[in-house]
Amino acid sequence: MQNTLNRIEQMHDSSLFTAAVFDQAESERIGVSNYSYWRSTFRTFFKSKLVIALVALMAAILLMSFLYPLFSKVDPTKVSTRSRNWNLRPSWDHLFGTDTLGRDIFARAWYGCRNSFLLAFCIALSDVGIGMIAGAIWGYNRKLDPIMIELYNIMTNIPSTVYLVLLAYIMNTSYLTLFISMASRGWIVEARFFRNRILSIRDSEYNIASRCLGTPMFRIATRNIIPQIISLIIMEAALCIPYSIGSEVFLGFVGVGMPVDAITLGNMVNQGRASFTLHPYQMLLPTAVLCLITVAFYIIGNRFADASDPRNHL
Amino acid sequence: MKEHKGPLLLAAKDIVVKFNLRGQELTAIRGASLDVYEGETVAIVGESGSGKSVFTKTFIGMLDANGKVEGGELLFHGEDMTRYDTENQWLKVRGKKIAMVFQDPMTSLNPVRMIGEQIAEVIIWHFHKSHDEAKKETVELLTKVGIDEPERRYRQYPGEFSGGMRQRVVIAAAIACRPEILICDEPTTALDVTVQAQVLNLIKALQREMGMSVVFITHDLGVVANVADWMAVMYAGKIIEYGEVGEVFHQPEHPYTKALLRSLPQLGVKGHDLYAIQGTPPNLFKEIRGDAFAPRNPDAMKIDFLEEAPAFPVSETHWARTWLLSPQAKAFREALIKKEAETRSVQTPALPFDYEQAEPLLSVRDLSVHFKLGSSRVKAVDHVTFDIYKGETLSLVGESGSGKTTIGRAIMSIYTGNVEGDISFKGRKINRKLNKKERGKLHMEIQMIFQDPMASLNDRAKVDYIISEGLYNYHLFENEQDRLAKVEKMLAEVGLTSDFMTRFPHEFSGGQRQRIGIARSLVMNPDFVVADEPISALDVSIRAQVINLLNRMKKERGLTYLFIAHDLSAVRFISDRIAVIYRGRLVELATCEELFSRPLHPYTKALLSAAPYPDPDVEKNKAVLSYHPERESREGKEWIEAFPFHFLYATREEAEKYVHENI
Amino acid sequence: MKKLMRMLSLLLTLCLALALAAPALADDGAAQAILDGKEYATVYKSYFSTSYPSLNYFSTSYATVREFATNCVDSLVEPDIYGNYTGALAESWEVNDDYTVWTFHIRQGQKWIDYTGAQTEYDVTAQDFVDGIRYIGDPQNGAYSLRVIRNLITGLYDYYWGLDDIDCGDDTETKREDLVARFDEIVGVKALDEYTVQYSLDNGAPYFLSLVESSMLLLPVEYAYVTAQGDDFAVDNTHMLYCGPYYVSSFERDKKIVLTKNPYYWDADKVQVESIEYQMIPDGTTSLEMFIRGELDYTSVESEAFMSLQGGEWEKYLIPNEFSFSTNYLWLDFQGANPEFNTFIQNVNFRRALRAAVDRESLASLREPMQPSRLVRNTVNAEGAIFNSQGVDYTQIPPLDEIANADYSADENAARAYMEAAIAELCEADGTIKGVEAGEVDYLPVIKTAVDGKLPVTLIYVGTNDESEIILAQLFEAMVEEAIGEDYIDVVLAFDTSGDFYDTVGGSVDGPFNYDIYWDSLSTGYADPSGILTRITSDGVENVGCYSVPEFDALIEKALSAPTFDERLAYFAQAEAYLLDNAFMIPVISSLRGYHMTYEIPHTAPRALYGSDRYKGIRVATTPLTLDEYNILDAAWESQRNAK
Amino acid sequence: MDFSGKVRGNKMGKYILRRLLRSIVTLLIVFVAVFMLLRFMPLNGYFPQEMIKETDEATRMAYLRNLGLLDHPFVQLWRFLSNLMHGDLGRSITVYPKVPISTLMAEKIPTTAFLGFWSMLVGIVAGISMGMMMVRWKNRLGDALGNGYILLVRAVPSLIYLFFLQIWVSRWLNLPLVYDKDIPQSWILPILCLSLSSVAWYALWIRRFMVDEENQDYVKFAFVKGLSRKAVLRKHIFRTAVIPITAYLPSDLLNIVAGSLIIETLYAIPGTGGLLTTAIKRQDNNLVQVLVLMYAALSILGVFLGDLLLAFVDPRIKLTEEK
């Protein structure tokens, strides 16, 4: 032991054993952790190559489905009166072939994508938007609780088909009807989801602190609540898209979906189904596009959900 | 001088543990060593993030998935456990040879399985015994850890047990295989003081009976003083001082240990600042050069910043990693000791608050608060009456669930509809429907400081906004510049610089966050502040900072505090009067010194006796009182002034009895 | 012209078939050889595609139920395999000279049987036929498609509406029971004795037997039983009685129906197949797949599926469907709210332009891609349905033959030429339509759109929201705009999505008229043109477009009061020709759909032209029938029929 | 903490009673809303299209009047409710004219419930095993396969894969294309198809709950006790994770009578699947009423029973009720 001490003694200059200058700032310099919620979320999100590929693909499909109708000269509703132009197999002229009346399926697919996307976006927007607002009101008002829970139980437990059919039937088929019938149900699920989140935010200490400071409701919403749930909003909206596209297909099958002359992916699949044995491409190609979109958004939504959970920020 | 009781059981040598966190490497343990001898208790003391928990987790191979032991040896029965690479090897040690008890008994047990099963399964698993045998042993174990009616309790679920009882069950499960080492990871932190004392006694008794070694992890020096034979002080992933408990307490050598002991409020002098450790603990993402504590040590030497000190022996049973023990630092050290002695001797306690002249600021009359829980109504606060005088600090002390926080929140008008009774501030009733103006005025006059610095700041808002929130609400500034100036000034007052303004709360340490929280409340210039356990979530080294800050603010701004706490140590230092609350009722109210010197109510006595005191000599010989009233009855009880300004809630006979006992 | 070509091609095909079957024709034995070479099954497995409500044959609108009933409740007469009427429950019948009184002699000793096949206490008597009319005469029983019968049988109209007035509360003086009791004196149907029933008609009906064949409403019913059952009557097979060649022995709602041979049937020897099993198969592709797997004895093959089987092993089994008496036509709205169209539609040239613009073969190829010309039909009444006493097809009676054989779209420029003629009459030189101002057309709830009062003429086509209808409409739009030119006409498509097409668009003379053009069909229901033509006079119930054609009405009047059946048909032909020549309605194609595959031997069952298929005498092989076999058997049948 | 059994029973009884009352009120509201809604639909909806063409207005009115459909809605409501009290569900109007609805239900429910029950069983067994497999091999192949399956079933519209399954799998395994109650082979595909989504559902939630539980302290404590991963998974994580699932079992069980529209159409199953859809489309008020009442009652009862069951299997629930 003594030896080591001696050795150390020899090693150091005794001037080192005098008072050092104390730096207040240095002592406070914590370790600012490099953690940033959004940066970590996106890093985790984009860590997977699959997600990058899907996001790129979806961006491409989205872009294409909105640009194609603007720039293409092919009219997706152009009917041929000559039966020789009907039901053509895929070729260079018609990449996806033509349908029963000689309309170009490739063009229809893009128009269909655009319309289905628009519908799905609207539904996502309203579901999540209304759901969030309703959830907030629900979360903030205890008296509403029993009513809302009962409403939730009813709306989620009566088979959704019944509900959709009833509404779609009362109101005639159109984009608006489909939108209303789907949006009028979707919000309650979202509302409950957001209610639970908002409830925990409501009772959190920082929110109570804001109340103690007399912060008005509006600022509480914009400063305390929305920033906390924005990632949930994005995720729920992403997951809404496959759901609404799927519902569109189902309602088409039941016969209360879109007007049949509307070009949507759901309609294309349902129409193609009738001629599946003879012209499988008429169903398969739109189906492939549709599945690609639903699967991609499902994965993107779920991965984003994982990524936005701070527990996964490793 | 003290010898080890038995042979060396476990030797951890230069353990290095690294975590991969968000793509960055964090060195949680930077070469820590510890020896555990048979039949002894070694306590590891450190603040959160010091690595004490991670360190012990390596003993049973339970590091999180992103952590890895990167260096060192872990010798147990001659085997280096760091080389274990299969789960099966660990299964032979874990639970059987080395067992562990976690901090929170509420979550340590599977809520949907009978507690008996959860103990018996260990026995069945490790000793391949039949169910009946295991059950028999389990019942014995339950008896051993002090659970009545073990046969019946066997079939109950954790939900039917109180926290202390659950911790007993957890301990029973941990000792079911008669392990050689029991690691207790802050086993009493989540418990109330009175229960804590009982659980500590149980652990000590079991250790004695079974001859186990106990590794005790805690941040509470009082607990260390109570249980440990040996103590190791951990800082920034390293053990910086190790020794026999008495020696370390009486003659701490490392500046950190010293500072830690000095900063305890029990040792503070009323009316003066506590000795406070500056700054915040270091960031383990970066490489640390020299003594990790040096940046926070005002009396650091130059060498502390350059090179890490070796373990200098203080005695045979005590060493510390500080250059102060180096012969070359002899002069510096002596000067230091002299300086310390001087500062300590000049402090005389401040005069007690003068209640004869005091005018009440806030009056609470017959306050009751009830909550709906399922279909039943629970009274959290039950007819509570007290006044707070202008300029005083009234502390509200009680165990968790006693209703103390509820009172605070009721005063803040956080509840609606479930509050009965009157709360008046400056003579005006405030628990009624107020108009916007009145409410605004009230918000400016009454503010609250919250318990959890992590939860009480909105982590998606910048510090600038957080502090300005109140200013925005009532537009308390002339222009943007004025606002910034106000925020800057406030930050400076709580000891933070203005460049923190643009940062987010998660970039700060707990203590810094709590100071931001205080700044947020005080920027409104309130007259009255409800401080809801503002220090209980903070690390020991930080607490003094915050206590000093609160005291300074009180002095400078003439504030009045309602200080809510469960911990008597800080309360004594900070408060003028103390109100003890038990199950929603005030049971005793007196000035600070009066209460400590002459506690009347048995619950107060139990509370005082159970509070850990950071001195092994005191702690090891203390008797813990307990208060378990058979039946809470309010019949005949009233609010009695037993001594001047000393109130008591009891029947006349009881009061007489209590007073008699104290004379 | 085209019609001629078609006839020729048909003839050619026939010749080819005959040539193939030449050896058979030579000794008439080839057909017999095929029949002898087959093994025969005793079960016939068929399917139905829509779920049907109950088995009540009086009130059902479901073809499936009508088919069950036709085979389970015997009618007075039935067609033989050549389509000539022979006695069924009636052994014989006579009719007076002006065809207003028909008397039937009922076969004796027949009993009603129940669903187990056991005979009940109830005999089949003349009264049962009277009670059938009694049942449908009560509005509360909701008889389906009652109009023709109600307007034909003496007194039934008054009886029916008398009861309805009582039910509505319009007539509070008469008691319901009293009126019901007076049924026998009011209504012209009488049981002369236990086994003789007599129908008295308001107008002469030489076609009455075809009505007996096709209408469910002239079937008998055991009134005592019906009364006993109350609302439960015919809700399933256990709540009704049978007297036909089969009875419903098993009934799984929406799944399966089994008809079993009635052992007590008077003609039981002729019934070859022991039981007929129907399964419900809602999906079109499934029935085809099941036929191919041998799980069904019959499947219809729609055009798409037909194409997919081409070139495969199943190609040789595809047999073309024979005929359809239903005609698709375009209804024109003469009182619509669209001022542009309303101005033009009154003009015969415009109507002819539309008629010429529709390429019938293109439309037909949607249903029959191989031989679309088979479907083209220019007349309302179907060819092959009505014959005069000389055996001349009604559609070939002058002047109707000219229209029937015309090819309207032969001249590609015809449509535009007609349109230009119309424009010359109706428009100013700058293209403004005379007397029409810009405005809005309100066809809500379907569509609301603006018109500018200038060329192109806006034509609003309204269809149902059905997929095939939409395709049809889209093709229509393309054809019309192509043939007439987009500068002259603008077709706007609108689809009613309410599901109540006739309610929102207009299916009755009283309006609404929320369309300019829509697509509909009429069917020749019995062997007389009156079935359709009397309904589409200017004040006819089917004249939903509300045209006013006095010339046509006058000819119809003449036809109805014509002394002989041949003269009657001649007047009818004149009337129809007038209507169609002026294009007041535009027939387009027949409703015939595609092909079928089957195990059934052709022409073994009664040839039911107007009513449902009858299975009495049907023979089912154990192997599917090839087209070759079909052609040979068909030719043999043809020659035998001609021989008769 | 100790309550005598009597007190507990009493409290529980009160709680159940209150919940039941609330449920009945909700049921009534739903029912009346649907009832009134149906009354506002156009009258022609009561007839199929061809019938409208073939009959005149007066005939149709007479028919409707006879069925009591022209009476005031409240009269109809009262009539329905009073009949209901006598156990008379009424008769179908348009879909199955005059067929007693009770007969209809007695015919259709057994078929649907039979298939539904088996598919539920398959769903639970396969779903839970799959979920456990996924947790056991978390982030490895088993997990990836399971996730892929869940992804496909949940993201791809069911109509699409059900259609392909029917066409291809039936050909591949040589199974009958349509359901027949006498041919057991024909049950396989419908049951399989019916269970596809519930397998995914159970697997997903079991996995999610188990992964959530994995981070709980008690699981760490179980590991610290020295139990192997397999034992911890089985004895601790699964036991806890399966509890929230049980709350859905009654709903699931009751909903087996609801059937699936798509699958029943594809396989020609004479069940209840498409019944409500058809009834709504055809405005068969009586049938819709009964069905809506039934579904609403089932769903509310399901949630209610789910809560009760949960309280029964989860020792945590009772306590929060009593504290």
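Chain B has 23 helices and 24 strands, where helices (H or I, at least four residues) and strands (E, at least two) are DSSP runs numbered from the N terminus. This is a predicted model, in which local features need pLDDT of at least 70, side-chain atom pairs count only at pLDDT 80 or more, and totals for chains, interfaces and linings use all residues. Residues are numbered from 1 along each chain as its sequence is written, while chains are lettered from A and ligands numbered from 1 in the order in which they are written.

Student: Why is chain B called as compact as a globular protein of its length?

Tutor: The globule rule is 2.2 Å times the number of residues to the power 0.38, and the radius of gyration is taken over C-alpha atoms. For 663 residues the rule gives 26 Å, and chain B has a radius of gyration of 26 Å, so chain B is as compact as a globular protein of that length.

Student: What makes a residue of chain B count as buried, and what percentage do?

Tutor: A residue is buried if 20 or more other C-beta atoms, placed from the backbone, lie within 10 Å of its own. In chain B, 52% of the 663 residues count as buried.

Student: Which chains share the most contacts?

Tutor: Two residues are in contact if their C-beta atoms, placed from the backbone, lie within 7 Å. Of the five pairs of chains in contact, chains A and B share the most. Chain B gives 54 residues and chain A gives 43. On the side of chain B that touches chain A, α15(B) supplies the largest share, four residues.

Student: How do you know that chain B does not touch chain C?

Tutor: No contact joins chains B and C, and their closest C-alpha atoms lie 48 Å apart.

Technical notes. A residue is buried if 20 or more other C-beta atoms lie within 10 Å of its own, exposed if 12 or fewer, and partly exposed in between; C-beta atoms are placed from the backbone.
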